[in-house]
Amino acid sequence: MASDWRAQGEAKRLYILGCIPKKWRLTSPVPPASELRDVTEYIRQFLSPREIEITETDAVDIVAQTSSGHWTAVEVAEAFCHRAALAHQLVSCLHEFFVEATLEGAAKLDAYLAKHKTPVGPLHGLPISLKDQFHVKGVETTMGYIGWMGTFQGRRNDPRHKNEESELVRELRNLGAVLYCKTSVPTTLMAGETANNIIGYTQNPRSRLLSSGGSSGGEGALIALRGSPGGFGSDIGGSVRSPSGYNALYGLLPSPGRVPYQGAANSIDGQSTILSVIGPIAPSAQSLELLFKVVLSQQPWYHDPLVLEIPWRDEHVRETRALIERARPGKPSLAFGVFSYDGVARIHPPIARGFELVERTLLRLGHKMIRWNPPSHARAHEIVAKTFDMDDGTDLRHHLGLSGEPRPKQVIVCDSRPELKASEIAALNVAKREYEKEYMDYWNSTAALTETGRPVDGVLCPIAPHAAAIPEHYRSLGYTSFVNLLGYTSVVIPVTFADKEVDVRAASRLPSNSEQFIDWEYDADTYHGAPVGLQIVGRRLQEKMLTLAHHIGEEVARDARRV
């Protein structure tokens, strides 16, 4: 059995490499990570100036070019396919790669534009990458399991194998997007790093000594290398946000019920205490807004019973922009909570410096800042842990058992307590509801502190205590999972990079008030060059978080250029 799963994994790994056209295969070995940490510039030597121009253009501007006919969908698709092929050879970020079908589809888009003088949709000719839990016709979905190869989600002889298409995929096609690859995930999806027994470990392009995050780690790595202008991942505890923050990208966690999940594969399917949510990842906030907005334009509530009938609300965005414009020192129109320590895991110096940079910018702009002292996040973590463990690992063991493959070390243990009975699940749901109410009341109470007449507009929070994780050292999802528990909205903002010459002081020595306390030794050299991102958290169903993230990210970048 052991040799069988290894052989199957090796065969799939070689198949993925075989999908790369020979002209795009590297002919010389890539220097080891110890000699070449950052490959974000290294990749450019294999691309033409035209390919670099196309692949380093923002999604919004790509659509403007392809929809007008200034760029063809074929040349854009080919440029991104080439760069994605290179990215995979550098950091192992792809599970599926379908170049021939992609170029055929792009040619049809060009023909449609030539004939009708109008684009197919608002994403006409835009390449979009997808995490390998979305079903695409003609393409396999393994979700990192060897036992899913040749099956439909582990079911043999199921006619849906390579014939099923997820609702989001259908909508992206309707919008004119070009689908060309599916990106790597950790086995089970339940991990903060991306590793599986098929392709191995997905490295961080900024520092191949570190993780690209998880579980949408392949998306983060591919987009960081500009092998994709934007893509979609999923998040139940941080799986969109950690890859975004670890790779200097923007990432959106919408509230449950906004983006369709219908027809996508998942772990512990049917668990509904905390819902997994689909969200986009991209190099800019404006790209996130484009992707989110156009998906809502497809009225997914008519195709997914769990999607709420809430279209994009421009009025919320206009109101927020007006508040941004009105802000003045001494007369704040916006207020933010600052939450840099959850009582469980102390942040490292680069994360602390990231907070300082953002706070300085927001104060310059005239926004009000208050310290965030919410209900215990240790309690939130306990509810999350019980939720993830509620089936005692039954789902995990079943799918690993299909091939006999071992569980990768990075996978979060989901079998640490007995399977919950119905009455225990009910009690867990009550505890969650009570925590939600307590958090809501606290948020409302901040109106007395903000000077704006409203509670805080958002909360600045770490994504993790550290910059991109050291392999096998991701142990804390408390800074992200509380957002999933509450069903809130969150957007990741890239802020800076760890610098061993600057971030040299010891890690914070704030006291711990939790038995779950985690501390790491801080090694400035190991983290050097790793991206530092923060998230801005807002309450449920709030489009304005994208507007605020765009504002903050733009202003922080402007201040950095001044320095």
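1. Strand 15, residues 531-538, is mostly covered in this predicted model: 8 of its 8 residues are buried. Pro531, Gly533, Gln535 and Val537 point one way, Val532, Leu534, Ile536 and Gly538 point the other, and all of them are buried.

2. Who pairs with strand 15? Strand 13 (residues 458-462) does, antiparallel, over 4 bridges, and strand 14 (residues 489-497) also runs antiparallel to strand 15, joined by 8 bridges. Ile536 is a handy spot to look at: Leu460 is its bridge partner, and Val491 stands opposite Ile536 too.

3. Now for the annotated site. An unreviewed UniProt entry lists Leu189, Ser215, Ile236, Gly237, Gly238 and Ser239 under "binding site". They span 51 residues in sequence, yet no two of their C-alpha atoms are more than 10.9 Å apart, so they gather at one spot. Leu189, Ile236, Gly237, Gly238 and Ser239 are also part of the lining of the largest cavity.

4. Take Ser215, in the loop between strand 7 (207-211) and helix 7 (217-224). Its relative accessibility is 1%, so Ser215 counts as buried. Setting aside residues up to four places away in sequence, Ser215 touches several others, including Lys131, Ser184, Leu189 and Ser239. With Lys131 there is a side-chain to side-chain polar contact at 2.6 Å.

5. Gly237 sits in the loop between strand 8 (231-235) and helix 8 (241-246). Gly237 has a relative accessible area of 8%, so it is buried. Beyond its neighbours within four places in sequence, Gly237 contacts Leu477, Thr480, Ser481 and Asn484.

Definitions and conventions:
Residues numbered from 1 in each chain as written. Predicted model: local features only at pLDDT ≥ 70, side-chain atom pairs only at ≥ 80, totals over all residues. Heavy atoms only, no water. Buried < 20%, exposed > 50% of the residue type's maximum accessible area, 1.4 Å probe, protein only. Helix = DSSP H or I, 4+ residues; strand = E, 2+ residues; numbered from the N terminus. Pairing = 2+ DSSP bridges. UniProt positions renumbered as here; feature names shortened; annotations may be inferred. 1 Å grid on protein atoms, 1.4 Å probe; cavity = no way out; pocket = protein on both sides within 12 Å on 5 of 7 lines; lining within 4 Å. Contact = heavy atoms within 4.5 Å. Polar contact = N/O pair within 3.5 Å; in protein donor to acceptor, adjacent residues only side chain to side chain.
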